[in-house]
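Welcome, and thanks for taking a look at this one. Please open the sequence and the structure side by side before reading on.

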Amino acid sequence: MSKLKYALFTGCTAKQSTPELLSSTLAVAEKLGIEITILEEASCCGASHLQDFDEFLAHVLNARNICYAEKLGLTMITICNTCQLNSAMTKHALDTDPALKARVNEKLAEVGLEYKGTSEIKHFLYCLIDEYGLENIKDKVEVPLSHLNIAPFYGCHNIRPSELHHTSNGGENPYNPTSLDQLINALEGHPVDYDHKNKCCGFHVELQANHTSEILAGNAMVDAIDNNADIMVTPCPLCHLKMDTYQDDVGKVMGRDIELPVLHMPQMVALALGCTPKEIGLNFHVQKATHLTA
Amino acid sequence: MSDTRKVTIKAFRFNAETDYLPYYKQYEMEVGKDELILDLLNRIKWEHDGSFSYRRSCRHGICGACAIKVNGRATLACKQNAMELLDLFDNELVFEPSSKKRAVKDMIIDKKDFWDKHAAVQPYVVADIDPHPEHETKQSIEEFNKFLDSDLCIQCGACHYSCPALEANPDYLGPAALNAAYRFTVDTRDNAGKERLELTAEPGVGVWDCVKCFECAEACPKEINPIEKITKLHNMQFEQGVAKSNVATRHAEGFVRSIKKHGFLDEADIVVYSEGYLGMYKHLKTAMKMMKAGKIHWNDGLPWVDNVPKSKNLDEIQKLIEISQTNKL
C-alpha cells in the first residue's frame with residue numbers, strides 16, 4: 001500500500017478548545033504511516049454562521065483554503081463535520097457555477113491565488129475507512145476495545161445533505177449510517193444501536209435557542225445511555241463540545257443525571273492503536289473517561 | 001435474482017376516537033420490484049384490513065397528500081419505490097405518520113400547525129393590482145431564476161415534520177413556511193417583502209432558530225433544499241437592514257470580526273461578543289469547567305485577550321475580507 005498523504009485543514013476548535021482532537025489525529029496518522037501537512041495558511045470555514053451574514057464572503061474564504069491544498073496537490077482532509085460541509089459546499093458551488101467561480105477567482109487573484117477545483121475534500125473518518133481500509137486498521141489494533149459499549153454519534157454535516165457528500169463519504173446513507181459502527185467493530189468494540197445516532201446535537205443554536213439545543217443533545221445522550229453505552233464517539237468536535245461541556249445543563253433539561261464521556265473519533269482509534277490516554281488528551285475532557293483503560 | 005421480496009411491514013395504528021394508545025400491527029407480503037410505498041399502503045387496506053387509513057390523491061408526486069415516514073425517513077409514498085427502501089433497511093419496513101403526536105387515524109395527521117405557519121408568511125403575491133391593466137406584469141428569466149426552485153413546494157410537510165428544531169420549539173416557523181417566505185419575498189411583483197423578512201428575523205420564530213442539521217434538505221421529495229432558502233433569508237435580513245442586533249446576528253457577524261483579527265475564530269471572544277458582558281453570566285459555570293479541563297487554556301496569556309493562534313498569511317485573509325464583504329450589521 002502506497003503511503004497516504006493529505007493536507008490537513010484543522011479548523012478552529014482543534015487549535016483551541018479541543019486540542020486533544022489535533023493531537024489524537026496526528027497520533028493516529030503516525031501510527032498508520034499517513035503523512036499529514038497542516039494547512040497553516042487556512043482560515044476559519046465560517047462554521048455555518050459566517051454564510052448567514054455574508055454567503056459570498058464565506059465562499060471566498062473557503063475557496064482560499066482549498067487553494068492551498070491544491071498548491072500541494074493533495075486531498076484536503078477535515079476533522080470537523082462542519083468544516084467538511086462548509087468546504088464541500090463551496091467546492092460544489094464553485095465547480096457547478098462558472099459565474100460564481102469567476103467572481104470568487106476575481107477576488108482571489110488580488111492575493112495571487114486561483115481556485116481550480118483540483119483537490120478533493122474528505123473527512124478523516126472516511127479517509128480511514130475508504131482509503132486506509134478497515135482490514136488494515138484491524139491489523140494494527142494493539143489494545144482491542146472489547147470492554148466497551150460505544151455509541152456512535154454521526155453528527156449532521158458529514159451525512160447531510162447526502163447529495164453533496166456521496167462521493168466523499170463512501171455513499172453513507174444519512175438514514176442508516178454505518179461507517180462509525182464499522183470502525184468500532186474493526187477496533188473490536190461493541191457498537192451501540194440507538195435511534196438518535198444520526199440526529200442533530202443542537203450545537204449551532206446553543207447561544208440563541210438554548211432550550212432547543214439542550215433538548216436535541218439530551219435526546220441523543222439519553223437514548224445512548226438507555227441502550228447501555230459506556231461512551232459516545234463522534235467525528236465532530238462541535239458535537240463533542242455540546243455533549244461534553246454542557247452535560248450538566250442537558251441533564252437538568254432532561255430531568256436525568258447524565259454521565260457519558262464523549263470521545264473524538266481519532267481518540268478512539270488512537271486508544272486501540274496503543275496510544276496512552278495522555279498522548280491523546282483524554283485529560284482535556286470535562287466528563288472524564290476514567291474507565292476507558294480499565 | 002428474484003423480482004420479488006418477502007417483506008414484513010410494521011404499521012403504526014391509532015384511532016383517536018377509540019384508542020388510548022397507538023400500537024403497531026404486522027403485515028407480511030411479497031413485494032414486486034415496481035411497487036411503490038403507496039401500493040403497499042393500498043395492499044394493507046385492500047388485502048388485510050379495510051379500516052387502515054391514509055391519505056392519497058394525485059398519485060403523481062404533485063399533491064403531497066401521501067407523505068409518511070418509513071423507518072424514520074420522510075417519504076412521499078406515491079414517488080418512492082419500495083425495493084429501494086428494502087435495499088436500505090433489509091426486509092423490514094416500519095410505516096408511521098409524518099408526526100406521531102399529530103396522528104388522527106393511522107397515517108393521517110392533523111396538519112393544522114403546518115397550515116397555520118404557512119399562512120403566517122403570507123404565501124401569495126401581495127400587490128395593488130390595477131383592475132384594468134394595460135400590460136402584463138412580466139418577470140425576466142434572471143428574476144424568475146432567483147426563486148431557486150422554491151416555487152416547486154407541494155406542501156407535503158415532509159421537511160416540516162422532519163425538522164428537529166420544530167419538534168423542540170413549536171413556535172419556530174419551520175423549513176416549509178420559510179421556503180414559502182423566501183419564494184414570495186424574492187418575487188419582484190410582491191410588496192410585502194419587508195414584512196415577511198421582519199417575521200423571519202424574529203427570535204424564537206424565524207430563521208435564527210434553524211439548527212442547521214439539513215434534515216429538511218434530505219427530506220424534501222421535490223429536492224427544493226429549504227435550508228438554502230433559509231440561508232438566503234439570513235443574508236437578505238442584513239442586506240435590507242432588517243437584522244436587529246441580538247445574540248444571533250452578532251454571532252454571525254462576529255465571525256468576520258474574528259477572522260479579520262486572527263484568520264481563525266476566537267472561540268472565547270465570539271461568545272462574549274455575541275452575548276455581551278452581561279449575558280456572559282449564563283456561561284460562567286461552563287467556562288470554569290472548560291478552563292479546569294484545559295479546553296480554555298492559559299498557554300499564551302489570559303483567555304479572551306487576543307491569545308488565539310493566527311493563520312499564516314493573515315494579510316491575505318484581511319484583504320479578501322476587505323474586498324469581498326458585502327454586508328454590514
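## The model and its annotated regions

Please keep in mind that this is a predicted model. In chain A, the unreviewed UniProt entry carries the annotation "domain: Cysteine-rich", which covers residues 6–85 and 151–243.

For residues 151–243 of chain A, the figures are 39% helix and 9% strand, with the end C-alpha atoms 13 Å apart.

## A parallel pair and its crossover

Let us begin with strand 1 (residues 5–9) and strand 2 (residues 35–38) of chain A, which pair in the parallel sense over four bridges. From strand 1 of chain A the chain passes through helix 1 (residues 19–32) of chain A to strand 2 of chain A, giving a right-handed β-α-β crossover.

## The four-stranded sheet

Further along chain A, four strands form an open sheet in the order 6-5-7-8, and the pairing is parallel. Strand 6 (190–191) and strand 8 (262–264) of chain A each have a single partner strand at the edges of the sheet, so one side of each has no neighbour there. As a reminder, strands of a sheet pair through backbone hydrogen bonds, either parallel or antiparallel.

Strand 5 (residues 149–152) of chain A pairs with strand 6 of chain A in the parallel sense, over two bridges. Here the bridge partner of A:Asn149 is A:His190, in strand 6 of chain A. Helix 12 (residues 265–272) of chain A lies across strand 5, strand 7 (231–234) and strand 8 of chain A, and runs at about 80 degrees to strand 8 of chain A.

## A look at A:Asn86

Is A:Asn86 buried or exposed? This residue lies in helix 4 (residues 81–96) of chain A. With a relative accessible area of 3%, A:Asn86 is buried. Leaving aside neighbours within four places in sequence, A:Asn86 is in contact with A:Cys45, A:Gly46, A:Ala47, A:Ser48, A:Gln51 and A:Asn62.

## Domains of chain B

For chain B, the domain assignment gives domain 1 (4–109), domain 2 (112–239) and domain 3 (247–324). Taken over C-alpha atoms, the centres of domain 1 of chain B and domain 3 of chain B are separated by 49 Å.

Terms used:
Residues are numbered from 1 along each chain as its sequence is written. Chains are lettered from A and ligands numbered from 1 in the order in which they are written. This is a predicted model: local features need pLDDT of at least 70, side-chain atom pairs count only at pLDDT 80 or more; totals for chains, interfaces and linings use all residues. Side-chain values use heavy atoms; hydrogens and water are left out. UniProt positions are given in the numbering used here, feature names are shortened, and annotations may be inferred rather than shown by experiment. Two strands pair if DSSP finds at least two bridges between them. A crossover is right-handed if, with the strands pointing away from the viewer, the path from the first strand over the helix to the second runs clockwise. Contact means heavy atoms within 4.5 Å. Axes are lines fitted to C-alpha atoms, for helices over the stretch in contact, and angles run from 0 to 180 degrees between N-to-C directions. Domain bounds come from an automatic or database domain assignment. Buried means under 20% relative accessible area, exposed over 50%, partly exposed in between (1.4 Å probe, protein chains only).
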